Amino acid sequence: LNWQNAFDVYQDLIMKESGLEIKADNFFDIAKGFPFGMSKNQSEIIVRDPISVNEKGELICVGEVPENSILELLKGKSESLIAAARKVAQDSSIKESSSAKYALLFDCISRVLFLGEDFSKELEAIESTLAQNMETPKLIGALTLGEISSHGQGALEFFNKTIVSGILYE
């Protein structure tokens with residue numbers, strides 16, 4: 001990062017941001033709350049989760065980080081992830097629920113690992129939001145290693161820390 005050892009730079013950034021000392025043996029426990037935001041083609045920030053550091057001090061991320069990428073350090077908060085999940089449920093909810101049978105949910109495993117015990121709060125937020133527009137919401141889905149989307153236009157992209165929801169009709 002910035003033509004310096006990536007792990008050294010990441011350690012310094014996390015220390016300045018949080019006061020936490022990240023090392024190889026506690027890397028994942030701390031890094032799950034400090035992903036990278038990657039600017040790409042003037043679109044949304046794409047999250048990249050660092051999952052480990054190798055013996056050379058290189059950071060291993062879930063998903064590609066091309067050389068010369070512009071990165072910023074992000075800081076996760078349980079409340080903001082839960083609020084985003086609630087918004088996803090609102091955006092996919094319907095007003096006429098007679099033919100709606102299931103809410104389909106794909107949730108990135110990195111959200112679950114970050115939220116820990118608060119993951120149940122995320123599911124509760126989704127279910128209660130869906131219940132406002134569906135008679136008996138039946139939530140089905142999967143935990144994934146990320147999601148693939150095109151932002152509705154352009155090339156497909158791989159995303160970390162995302163959640164996707166939709167409604168299945170009879």
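This is a predicted model: local features need pLDDT of at least 70, side-chain atom pairs count only at pLDDT 80 or more; totals for chains, interfaces and linings use all residues.
Asparagine 2 sits in the segment that comes before helix 1 (6-18). Its backbone deserves a look too: phi of asparagine 2 is near 50°, a positive value in a residue other than glycine.

You will find lysine 161 in the loop that links strand 8 (157-159) to strand 9 (163-169). Is lysine 161 buried or exposed? Lysine 161 counts as buried, because its relative accessibility is 13% and the cut-off for burial is under 20%.

Now let's turn to a sheet. As background, the strands of a sheet pair through backbone hydrogen bonds, in either a parallel or an antiparallel way. The one to look at here is an open sheet of four strands, in the order 3-2-1-4, and its pairing is antiparallel. Which strands stand at the edges? They are strand 3 (59-62) and strand 4 (70-73); each has a single partner strand, so one side of each is left without a neighbour in the sheet. On average, neighbouring strands of this sheet are turned by 40° against each other, direction ignored.

Strand 2 (residues 46-53) pairs with strand 3 in the antiparallel sense, over four bridges. To see the two strands side by side, look at serine 52, which stands opposite isoleucine 60 in strand 3.

Technical notes:
Residues are numbered from 1 along each chain as its sequence is written. Side-chain values use heavy atoms; hydrogens and water are left out. Buried means under 20% relative accessible area, exposed over 50%, partly exposed in between (1.4 Å probe, protein chains only). Two strands pair if DSSP finds at least two bridges between them. Axes are lines fitted to C-alpha atoms, for helices over the stretch in contact, and angles run from 0 to 180 degrees between N-to-C directions.
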